[in-house]
Amino acid sequence: MNPRSTPAGQGPDDGAPLLPAERAELERLRREVAAARAVRARSARRPGRTVPAVVLIVVACLLAPLSVVAVWTHDFVVDTDRYVATVGPLADDPAVQGAVTDRVTTLVAQQLDLPARVAQVAEALPGGTLGAHGATALSGPIVSGITGFIHSAVAKVVASSAFATVWTGANRTVHSSVVKALTGQGGGTVQLSGNDVTIDLAPVIAQVRTQLVDSGFGLAASIPTVHTSFTVASSGTVPKVRTGFRLLEIAGNWLPIATVVVAAAGVLLAVRRRTALIGAGIGIAAGMLVLGIGLAVGRTIAIGKLPADVSEPAAVAVIDAVLHFLRQTLRTVAVLGVVVAFGAYVDGPTRSAVWIRGACVSGIGEVRRLASRAGLDPGPAGRWVHRHRAWPAWTVLGVAALVFALWDHPTVAVVVWTAVIVLLALGVIEFLDPGEPAHPDGG
């Protein structure tokens, strides 16, 4: 026997028997070495699998950002609750409230034709009390004062909880009209007119009319029902976006599934599947990063091209509200890709991965020994876990994947907590495993 070799089941220095945790890690390393040799053998026999696998993984990484956008677009159209959650908070946004207040005030003043009204009052005064010069001099301050009064009344309406309720309810009711607007069919409270994104302010004007009349400004009763559009965003790319929206809305159901299938095919086809899984996870995360950068650049360009008559703060608020869930989704997918890549790496044969696993196994082994001294013995359950160790581990991973797939709009927190629960479950499996060798001779 080579004097430097170590008999199975003995320590490398003094021939002492290995501890259960050490023996389990030795068996794991032996299996990994055998698996690595098998991979090299398969790679030598089938070199033609690498290129197709790489192509499939690259395609999946390119499809991932499109899938995120497609799902976001589809949800925005189909899911009424999702749509209301997107546009509802705009009713409480100060920038949007200020822009709506200014627009409605201007419109109401135009409908009342305040300069003409003041001139009529001046002419009706007996004996030309003010005279032509006096009437002209006082016309401006009077109109300004009335306009300020109207502005205050409008601001109260727009800032009230009643307005927020009406805003949310109206958006929920006319969600079908929003779908028509985004598909280019028109109609509804929110419309795409040419290159502009507009909101119909008729319901707000009706509330303002009631508010002014109740405040003693009887002249407001003559304000007719006016359907006017308040432009909150304008861009020459809207028609292109609308065309792309139609395609992405159709793809929203099947594109994510196709992405997962292509990525899985690439990993399964690869000779080094662990490496392929790491690459796929990192590639998808990188795709999300590129999408995030693209959104930031596009947002800046769109804001920079706003016309002078469009309220920039209001437009920014609308853009950020619409993009909120898209950003949330791309962060979630990016974190998921990193978690999958890191999990595959830790399960690999590299020195750092072996050290991480060894540290975890040693720590759990110490807890197991302390529990054993306290009289806590897993008994038959521990022996079953040792004999069928792969089944519980794969079950945990499968359940986690299923929960994540079925979760309605998962977030970064869902990914993180799912990963934590998986680690805890795998820790419990390691704790239950007594570490006794499956074969007494250590082979």
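Author: Helices H3 and H13 cross in a right-handed manner; a crossing is right-handed if the near helix is turned clockwise from the far one by less than a right angle, and left-handed if anticlockwise. Helices (H or I, at least four residues) are DSSP runs numbered from the N terminus. The model is predicted, so local features need pLDDT of at least 70 and side-chain atom pairs count only at pLDDT 80 or more, while totals for chains, interfaces and linings use all residues. Residues are numbered from 1 along each chain as its sequence is written, and side-chain values use heavy atoms, with hydrogens and water left out.

Reader: At what angle do H3 and H13 pack, and how far apart are their axes?

Author: Two packed helices are described by the angle between their axes and the distance between those axes. For H3 and H13 the angle is about 115° and the axes are 7 Å apart; axes are lines fitted to C-alpha atoms, for helices over the stretch in contact, and angles run from 0 to 180 degrees between N-to-C directions. Arg82, Ala85 and Thr86 of H3 meet Ala321, Val322, Phe325, Gln328 and Thr329 of H13, where contact means heavy atoms within 4.5 Å. By class, this contact of H3 with H13 has four nonpolar, three polar and one charged residues. Ala, Val, Leu, Ile, Met, Phe, Trp, Tyr, Cys and Pro count as nonpolar, Asp, Glu, Lys and Arg as charged, and the others, Gly among them, as polar.

Reader: Which residues does Thr329 contact, leaving aside its neighbours within four places in sequence?

Author: Thr329 is in contact with Val68 and Arg82. The C-alpha atoms of Thr329 and Val68 are separated by 6.9 Å, although the two residues are 261 residues apart along the chain.

Reader: How many cavities of 30 Å³ or more does the structure hold?

Author: Rolling a probe the size of a water molecule over the atoms shows where empty space is left. The structure holds three such cavities. A cavity is a set of points, on a 1 Å grid over the protein atoms alone, where a 1.4 Å probe fits but cannot get out, and lining residues have an atom within 4 Å of a point.

Reader: Which residues line the second largest cavity?

Author: Its lining consists of Trp72, Asp75, Phe76, Arg82, Thr86, Val322 and Phe325. H2 gives the most, with three residues.

Terms used: 1 Å grid on protein atoms, 1.4 Å probe; cavity = no way out; pocket = protein on both sides within 12 Å on 5 of 7 lines; lining within 4 Å. Points joined across faces, edges and corners; volume = space filled by probe spheres on them. Helix = DSSP H or I, 4+ residues; strand = E, 2+ residues; numbered from the N terminus.
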